[in-house]
Amino acid sequence: MKVLIRVAKQAQRTSLQHLIFSRFASDSSPLAKGPESTEECKWLCGSSQEILTAVRGQVEVRENFISEEEEDAIFKEVEPGLRKKRYEFDHWDDAIHGYKETERLQWGDACEKVLRRVREVAFPKGSPLLGPVHVLDLDKTGYIKPHVDSVKFCGSTIAGLNLLSDSIMRLVPENNSTDWVHLLLSRRSLYILRDDARFKFTHEILKDEESFFSGQKVPRHRRISVICRNLPV
Ligand code: OGA
Ligand code: MN
């Protein structure tokens with residue numbers, strides 16, 4: 001997974017601007033637009049109807065995708081490995097701040113069952129997947145800066161389980177850094193980014209101080225994500 005992170009680091013230098021501009025945009029847009037269906041309303045909002053139309057069908061959040069027991073099973077499986085590592089903070093050019101990570105190929109039965117469900121709903125049938133699953137542990141003060149995942153190593157779809165804390169994922173179009181979309185990733189939800197939302201938008205996980213959805217504070221605690229990706233075609 002080091003390769004993915006290294007590529008993300010390179011992307012970050014140019015995309016830090018996105019963070020600044022899109023923060024400005026969200027501050028100055030009290031009339032942030034919501035989506036059309038009530039189901040989407042719970043987890044999607046953006047700076048304009050156009051941007052919501054642009055991502056529709058390419059972003060998805062499935063709330064309560066896993067049960068508390070399944071969250072616990074995943075946590076118990078990854079925690080011993082993570083406990084041995086220290087959060088990394090101080091590299092100014094890292095795309096991720098305050099994190100530790102690992103990857104895992106073999107999972108116990110309960111976790112494997114969850115991952116099978118993730119793969120079934122997120123990826124096109126027969127799509128070759130990146131073998132190891134990426135596990136990212138963000139400290140309460142940790143966050144992910146805007147970046148696009150490596151196009152060399154990852155394919156059209158990114159699917160992530162959001163464990164331990166609610167969080168906000170912001171998407172910003174690479175060609176228009178004043179527009180933005182927020183996804184509310186509730187604890188135990190699954191999010192999916194596909195196609196343009198994955199290739200033409202940067203994604204980021206907001207730090208606690210910036211973690212708002214439609215004007216509502218969404219406290220960010222320690223968060224673990226379990227991310228499945230497919231391979232480029
Ligand atoms: C990444 C990333 C998102 C997440 O590691 O490239 O964007 O949900 N992670 O942790
Ligand atoms: Mn990413």
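**Note on the ligand and metal sites, with some loop details**

1. Two strands, strand 4 (133–147) and strand 12 (223–229), each supply at least two residues of the shell around ligand 1. The coordinates under discussion are a predicted model. The residues around ligand 1 are His134, Leu136, Ile144, His147, Asp149, Tyr191, His203, Arg223, Ser225, Ile227 and Arg229. By class, this shell around ligand 1 divides into four nonpolar, four polar and three charged residues.

2. Which side chains place a polar atom 3.1 Å or 3.2 Å from an oxygen atom of ligand 1? For His147, the separation between a polar side-chain atom and a ligand 1 oxygen is 3.1 Å. For Asp149, the corresponding separation from an oxygen of ligand 1 is 3.2 Å. In Arg223, an N or O atom of the side chain is 2.8 Å from an oxygen atom of ligand 1. Ligand 1 taken alone exposes 290 Å², and the protein buries 97% of that.

3. The manganese ion (ligand 2) is coordinated by His147 through NE2, Asp149 through OD and His203 through NE2, at 2.0 to 2.1 Å. Along the chain, the donors of the manganese ion follow the spacing H-x1-D-x53-H. His147 lies in strand 4 and His203 in strand 9 (residues 201–205), so the pair ties together parts that are 56 residues apart in sequence. The metal donors His147, Asp149 and His203 are also listed among the residues around ligand 1.

4. Ser150 is found in the loop between strand 4 and strand 5 (157–163). With 2% relative accessibility, Ser150 counts as buried. What do the polar atoms of its side chain approach? The side chain of Ser150 has a polar atom 3.2 Å from the backbone nitrogen of Lys152. A polar atom of the Ser150 side chain also lies 3.0 Å from the backbone nitrogen of Phe153.

5. Ser156 is found in the loop between strand 4 and strand 5 as well. Ser156 is partly exposed, with a relative accessible area of 21%. Not counting residues up to four places away in sequence, Ser156 touches Leu193, Arg194, Asp195, Arg198, Phe199 and Asn230.

6. Two residues deserve a check of the backbone angles. Most residues other than glycine have a negative phi. Asn64 has a phi near 50 degrees, a positive value in a residue other than glycine. Asn64 is found in the loop between strand 2 (59–62) and helix 4, and at 57% relative accessibility Asn64 counts as exposed. Ser214 also has a positive phi, near 50 degrees. Where is Ser214 found? Ser214 is in the loop between strand 10 (212–213) and strand 11 (216–217).

7. Glu77 lies in helix 4 (residues 68–83). Leaving out residues up to four places away in sequence, Glu77 touches Arg104, Gln106, Trp107, Gly108 and Cys111.

8. Overall figures follow. The secondary structure of the protein comes to six helices and 12 strands. How many of the 233 residues, as a percentage, count as buried? The figure is 52%. Among contacts between residues at least 6 apart in sequence, 80% join residues at least 24 apart. The protein exposes about 11200 Å², of which carbon and sulfur atoms supply 54%.

Definitions and conventions: Residues are numbered from 1 along each chain as its sequence is written. Chains are lettered from A and ligands numbered from 1 in the order in which they are written. This is a predicted model: local features need pLDDT of at least 70, side-chain atom pairs count only at pLDDT 80 or more; totals for chains, interfaces and linings use all residues. Side-chain values use heavy atoms; hydrogens and water are left out. A residue is near a molecule or strand if one of its heavy atoms lies within 4 Å of it. A polar contact is a pair of N or O atoms within 3.5 Å; within protein, one must be able to donate a hydrogen and the other to accept it, and residues adjacent in sequence count only if both atoms are side-chain atoms. Accessible areas come from the Shrake-Rupley method with a 1.4 Å probe; for residues, only the protein chains shown count as cover. Helices (H or I, at least four residues) and strands (E, at least two) are DSSP runs, numbered from the N terminus. Ala, Val, Leu, Ile, Met, Phe, Trp, Tyr, Cys and Pro count as nonpolar, Asp, Glu, Lys and Arg as charged, and the others, Gly among them, as polar. Donors are N, O and S atoms within 2.8 Å of the metal (3.2 Å for Na, K and Ca); water is not among the atoms, so sites may look incomplete. Contact means heavy atoms within 4.5 Å. Buried means under 20% relative accessible area, exposed over 50%, partly exposed in between (1.4 Å probe, protein chains only).
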